[in-house]
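This report describes selected features of one protein model. Please keep the sequence and the structure in view while reading.

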Amino acid sequence: MTASLSIVKTLTVIFYNLLATSTIRTSPQSVSLKLSSLLWFKSSAKINSDTGKGFKKAMPLDTIVVKGAREHNLKNIDVVIPRDKLVVITGVSGSGKSSLAFDTVYAEGQRRYVESLSAYARQFLGRIEKPEVDYIEGLSPAISIDQKGPSKNPRSTVGTVTETYDYLRLLFARVGHPHCPKCGREITAQTVQQIVDAIQALPERSRIMILAPLIRDRKGEYQVVFEDLTKAGYTRVRVDEAIHDLSEEIQLDKNKKHFIEAVVDRLVIGQSSQSRIADSVETALKLGAGVVLVSIVDGEELLFSEHFACVHCGISLGEIAPRTFSFNSPHGACPACTGLGVMLEIDPELVIRNKELSIVQGAIHPGWWLSWHMDELEMLGQRFGFSTHIPVKNLSERHLELVLYGEDGELVRHRNRYGRVREYFTGYEGVIPYLERLAHDTQSERTRAEIERYMMSSPCPVCQGKRLKPESLAVTIDDSNIIEVSSMSVTQALYWVTDISDSNKAILSEREQIIAHQIFKEIQARLGFLQNVGLDYLTLDRPSATLSGGEAQRIRLATQIGSGLMGVLYICDEPTVGLHSADDFRLIQTLKRLRDLGNTILVVEHDEAMIRAADHIIDMGPGAGEHGGWIVITGTLSDIMNCSESITGQYLSGVKQIPSPQKRRLGSGEEMVIKGARQNNLKNINVSIPLSKFVCITGVSGSGKSTLIDEIMYKKLAQIFYRSRDRAGDCDSIIGVEHIDKVVNIDQSPIGRTPRSNPATYTGSFTPIRELFATVPEARMRGYAPGRFSFNVKGGRCEACRGDGFIHIEMQFLPDVTVSCEVCKGKRYNREALEIKFKDKNIAEVLDMTVEQALSFFEHFPKIKNKLETLRDVGLGYIRLGQPAPTLSGGEAQRVKLSTELSRRATGRTLYILDEPTTGLSFEDVAALLRVLQRLVDAGNTVVVIEHHLDVIKNADYIIDLGPGAGDRGGYIVATGTPERIAQEKSSATGQYLAKVLHKDREYALTS
């Protein structure tokens, strides 16, 4: 504190001195301003000369103090967050973790930053509301690294998001070796001096001719060329490798291709002066349009160019710049697909979906096309000898090709008297050419949308999916072009960069090493960060849209590490999502490295390894929703474990535990087999999935789990059961589909994208609730139907806000403002609808109930009660019936979908697919989820879960473990069987961690 006091005194003296020295040149107003600033400085410091306590209170340096946080369900709490530490906020789902971290601390940090900007700048940043909190002290600039979905832009890739591709473009532009895209020869632009030096380096006494190429491989007689050369003073010419004197008559066959070069000079190396060689080369370059040919008598020929062009093919590359390698720029993008790498094409499988039907029965889609062209098809069948009345599967390959692609003919265009261009095909055009032409020419968006239903994305036929022009792809470093480097995984790309940057291997010249030195550092740093956060299996050209939320978050985390900032508050939302236990260590080390730079890391997390690694833990609860919003305990790991009120602490200490099942199910004995799975990194594997069991797909991140289940199995089954248009991943076949009657994929996509969608509408419970209100005597007297109680249609909704509950007001140069509707006060309904009450509650008050409150309210109405019970069973008793869908997390949305499926009548032959359902779930919530999933399997259904959570894995009846590594090192089946069988497999990373969990279970069982 003495040091702090001395600093303040020093600053005061400096301020006085500055004031004294500057008063001569300043106005009285500025003097008074400086004096007032000094008074403010002294008063705000509030220094106590004895203890200095006032200074510490005014400027907290080691903590972030939050006072009176009331956002969402937070109960006016106070919390102290230590600075420069790894702090984990944990607790049951819905306890208020995100409300504290993101909606309070981060939102206030962002608001203060935005308010420091000018009014003009603020209009571009949107409106940021002040969170419900009294005040926050010691707040640093805050950066949020949450699980918002990755970019859906098809042009966005891992390389572009991390800026690695930008540095690769710079690298190839500066040290890349251009080649001719046609013949593959390396292209170099040479000056006259370099060409002369190359000629003088030829063996002594070599007899050479310096030639100027004029005609290369073209037909004609070219008498004018010979005449022009004679007038210019030239005496000799070489025609088709034979020397002729221009004084003689030269006759050429005009139907044959010829090579003509003017003989500029004949020299002997060592006897001709350098100036003569230089003059001859300059003359030849001028005559030959930048190209000179040096012919060694009885030897080889050397071709030189002063332009960046292939002298053999005449292809010019132009300037090579970073934009040459950008697929987002017309300078580098493939002109056919504009850099997307894919094109929409009519898919024959979508045009003829059911080959069991005949053409007459409607095998060809779309139906309107068939009705217009049925007569043409009948005549085509008569001409080529096939019938339109037999199943399509019985048509020969030649006949089916005729139906789809048509016969040889000509497209005729003519203009009618109204000025419209009409066109017709002389002969049968074919289904696919007709639809492609109509999609290109039609002015109707509806028609184009209809045709796009029969299109699929396929690699661009021009660039083969490589996105760039041939000229860009012809530039290489170490025989690899930029797209080949981008197709490498992070680990492979790191090896490649390290290899070419090694000066001992002489891949690049000394000059190129100097140029690329800084570029190598930037690329290696970014690839190293990706490797450190467990994303070494990703390829740089992988589209961002295919990344999971956890992968996208870790990419942003890697980017932030590269920024090298200090004194920043980083707030992360479950960064371990999608991460195998074997990869947790690297992520934790990365976060600690970020902390050691001088940053504060605030992590909302449920992962046990992350909680145990934290410097400080904030446990929230004790329950969810209305029962949460309190601070249960804060402190170190031992403090949490010793707290009997903390549910998290009980699980960490082993007092509570998710038990393993007493026995594993035997299943129905039937199975579904995926044959020859080879999409992405899968190595042509055969996978058997036993039915009527709880099946868990495990493996390290990037081992091929999602590819196998989501890309291959689900999309293939969706095509079979629901006629889906999504192209399935590559595999030979799926056997045993007849043993199931439907497939349900319960993913983490939102249940709705507008505030009008909510859990009540999604689960279908809102309809019986509205019907119930319509049966109230008062409603029947007024003639109100169920539609009167909908906020989406006219009648019962508030027309002032159209059922939104709020009004959006544009403020021109100020941020837009959202205010509660002054007519309905945010209730969304008009006065007449709100006058109808059921059990003393109107419809708006019912929508404001939590699931638990609504469950007791509708206890005697089974139609509503059953749907609400399933919501409670999946751990969502805390959410409100009318809670807007966009405010639900991915895990909550997934559980809403799961509850909806549970509320439907089970067939006992359904296949349920879930991808990491434990996202956002605490230990207690995982236990509740497992009870629900086990209930589904007990009914005879099959549940397939992609999961890393060990408590879920140990409860499975059957495990399929993929690996052993990620990316190219994965894609194999490491082990299959019960958890006990996997735990014995030494080569399985999952098995090693599972063995510890099962051993702990046995110890727990013995002690209890």
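## Basis and overall chain

The model is predicted: local features need pLDDT of at least 70, side-chain atom pairs count only at pLDDT 80 or more, and totals for chains, interfaces and linings use all residues. Residues are numbered from 1 along each chain as its sequence is written, and side-chain values use heavy atoms, with hydrogens and water left out.

The protein chain contains 37 helices and 32 strands; these are DSSP runs, of H or I over at least four residues for helices and of E over at least two for strands, numbered from the N terminus. Of its 1008 residues, 48% count as buried, where buried means under 20% relative accessible area, exposed over 50% and partly exposed in between (1.4 Å probe, protein chains only). The accessible surface is about 49200 Å², and carbon and sulfur atoms account for 51% of that area; the areas come from the Shrake-Rupley method with a 1.4 Å probe, and for residues only the protein chains shown count as cover. Among contacts (heavy atoms within 4.5 Å) between residues at least 6 apart in sequence, 68% join residues at least 24 apart.

## The sheet of β22, β23 and β25

Three strands form an open antiparallel sheet in the order β23-β22-β25; strands pair if DSSP finds at least two bridges between them. Strands β23 and β25 (733-735) stand at the edges with a single partner strand each, so one side of each has no neighbour in the sheet. On average, neighbouring strands of this sheet are turned by 15 degrees against each other, direction ignored. Such axes are lines fitted to C-alpha atoms, for helices over the stretch in contact, and angles run from 0 to 180 degrees between N-to-C directions.

Strand β22 (residues 671-677) is joined to β25 by three bridges, and K675 stands opposite S733 in β25. Helix α25 (residues 705-722) packs on the sheet and touches β22, β23 and β25; its direction makes about 115 degrees with that of β22.

All six residues of β31 (residues 958-963) are buried, so the strand is largely enclosed by the rest of the structure. Y958, I960 and L962 lie on one side, and I959, D961 and G963 on the other.

Strand β31 runs parallel to β24, with five bridges between them, and I697 has I960 as its bridge partner. With β32 (residues 972-977), β31 pairs in the antiparallel sense over five bridges; here the partner of I960 is T976.

## A buried lysine

K693 lies in the loop between β23 (685-690) and β24 (694-699). The residue is buried yet has no salt bridge, and the nearest side chain of opposite charge, D957, is 6.9 Å away. A salt bridge is a side-chain nitrogen of Lys or Arg within 4 Å of a carboxyl oxygen of Asp or Glu; Lys and Arg count as positive and Asp and Glu as negative, while His and the chain ends are not counted. Residues touched by K693 include R665, V937, D957 and Y958.

Most residues other than glycine have a negative phi, and most peptide bonds are trans. The bond from G963 to P964 is cis, with omega about 0 degrees, and P964 lies in the loop between β31 and β32. H72, which is not a glycine, has a positive phi of about 55 degrees and is exposed, at 58% relative accessible area. R467 likewise has a positive phi, of about 75 degrees, but counts as buried at 11% relative accessibility.

How values were computed:
Lists of a residue's contacts leave out its neighbours within four places in sequence.
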